[in-house]
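Please open the model in the viewer and keep the selection panel at hand.

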Amino acid sequence: MISLELLQKYNVAIPRYTSYPTVPFWDEDIDRQRWSTTFQQRFNESNEQKGISLYIHLPFCETLCSFCGCNKKITKNHAVEEEYLQALLAEWDLYRLQMNHKPVIRELHIGGGTPTFFSPGNLKILLEHILRDAFVPDVHEFSFEGHPNNTTFAHLKTLYELGFNRVSFGMQDSDSEVQRVINRFQPQAHVIQVVDWAREIGYESVNLDLVYGLPLQDVSKMTQTIQDALAVRPDRIAFYSYAHVPWTSRAQRLYDEQDLPNVQGKMALYQLGKKMFAEAGYQDIGMDHFALSSDLMVQAAHQGTLHRNFMGYTVQETGLLLGLGVSSISDAGKAFAQNKKTIREYYEQVARGELPVFRGYFLTEEDLQMRQYILDVACRGTVTFEPGQYAELTESTVGELNDLAADGLLTWNAKSLQVTASGKHFIRNICKAFDLKLLNSVIEKKTFSQAV
Ligand SMILES: C[S@@+](CC[C@H](N)C(=O)[O-])C[C@H]1O[C@@H](n2cnc3c(N)ncnc32)[C@H](O)[C@@H]1O
Ligand code: SF4
């Protein structure tokens, strides 16, 4: 059991490390020409050998869940689908012009918002346009996020026929009181129905998202939610720590902060989940992810081939991630770029025939090294220092690592670092030891959620 003292000590605001450097350290005004050149170079290096990854952001949702921290736009007007689709296709065409070979799309993820807000017919138009001039290898990972309340059999079937083999459904919490306070009415029958359909159609892996740390949650309600989730035996479970960021997600101000579990209560919910998942045969992948041994993600974790990017953990490391749609982020290895964050600005920039990026970052050699250490901690729980690397660690990193080691969260020496079992609960804190940007700066405005 982790002591309250440790929980309090490490419950500080820390990034989730889906990138390094993290977004607050990027330049607000990206050099678009330089981004374009970097993208082309990376495409040429990666495409033939490893293929590329695509992320497509579909931002619309019909109703607002007040806890939600995603970039979304609430509307019931489905006429918006058409205009958004046209902008996405135009953006893809702009990037396609930068690719001098047929892209090999090894990984594709559609996230949101709610991708299943779009009709199956519109999703088909979008994907056929992108895939008609691309190569999809036999071994590929195509996935999407479905809302159990509006995912239809036709959505699942259409996407399956386009090559999708993984699906993730938001379940969040099955308790009616919690659902009321987060404004998410999620009948369990819908969850069961969409998972059944996905299995019937042939999806290889079904994921459920649960969130712990929501208002009014306690051990008894969480036990029921987890039992409900386990009853459909998902291949993967994302057991997300609720990120309370009311300064950016204003709807989180709608409920009373007194109703949020305190740090000890939240950790108890996490421990409960971890125990119940383990008893049900799920393995802990790291940073809130659990999977059955039969799932590729567990095999990748054992083989040390797990990777982490803006989509979270992935089993395919392709070398280039292209993000399409409002607010999407692209990762070209040595550079990141993010698209405009409002739909209006996104449309305007695409209509001008410009890549709709607005901010980004070009990594230095030092950044690349720190990024590798952070990925090693997050994906493998271990770092091996090559000769000479230990001597190059900064005083602040050495200080942080010694402190973490004194608290029993890791062991380390000049050759390697190993995260301990207790350290697994504090992966974000351990990553921070290599985050020179954060260690060397004082971030003034509120930016990150708490680590626990
Ligand atoms: C885009 S949504 C999933 C698809 C669909 N919109 C739905 O809600 O079913 C992505 C996931 O992010 C997680 N999420 C959203 N806001 C969060 C927050 N503030 N803290 C932690 N996880 C959050 C939820 O588990 C949610 O299922
Ligand atoms: S949790 Fe899903 S459905 Fe709810 S607002 Fe967020 S993205 Fe939309």
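The stops below cover a helix pair, a further helix and a ligand shell.

This is a predicted model, in which local features need pLDDT of at least 70 and side-chain atom pairs count only at pLDDT 80 or more, while totals for chains, interfaces and linings use all residues. Residues are numbered from 1 along each chain as its sequence is written, chains are lettered from A and ligands numbered from 1 in the order in which they are written, and side-chain values use heavy atoms, with hydrogens and water left out.

**First stop: α8 and α9**

Select residues 219-231, helix α8, and residues 263-279, helix α9; their axes come within 10 Å and cross at roughly 30°. That angle makes α8 roughly parallel to α9 (angles under 35 degrees count as such). The crossing of α8 past α9 is right-handed. Next, display V219, M222, T223, I226, Q227 and L230 of α8, which meet L269, L272, G273, M276 and F277 of α9 (contact means heavy atoms within 4.5 Å). By class, this contact has eight nonpolar, three polar and no charged residues.

**Second stop: α11**

Select residues 343-351, helix α11, where I343, Y346, Y347, Q349 and V350 are buried (under 20% relative accessible area, with a 1.4 Å probe and protein chains only). These buried residues pack against several elements, including α2 (32-50), α3 (80-97) and β16 (357-362). Just after α11, select G353, which takes a positive phi of about 80°.

Which residues surround ligand 2? Select C61, T63, C65, F67, C68, G113, T114, H147 and R184 (a heavy atom of each lies within 4 Å). This shell divides into four nonpolar, four polar and one charged.

Notes. Axes are lines fitted to C-alpha atoms, for helices over the stretch in contact, and angles run from 0 to 180 degrees between N-to-C directions. Helices (H or I, at least four residues) and strands (E, at least two) are DSSP runs, numbered from the N terminus. Angles under 35 degrees count as roughly parallel, over 145 as roughly antiparallel, 65 to 115 as roughly perpendicular and the rest as oblique. A crossing is left-handed if the near helix is turned anticlockwise from the far one by less than a right angle, and right-handed if clockwise. Ala, Val, Leu, Ile, Met, Phe, Trp, Tyr, Cys and Pro count as nonpolar, Asp, Glu, Lys and Arg as charged, and the others, Gly among them, as polar. Buried means under 20% relative accessible area, exposed over 50%, partly exposed in between (1.4 Å probe, protein chains only).
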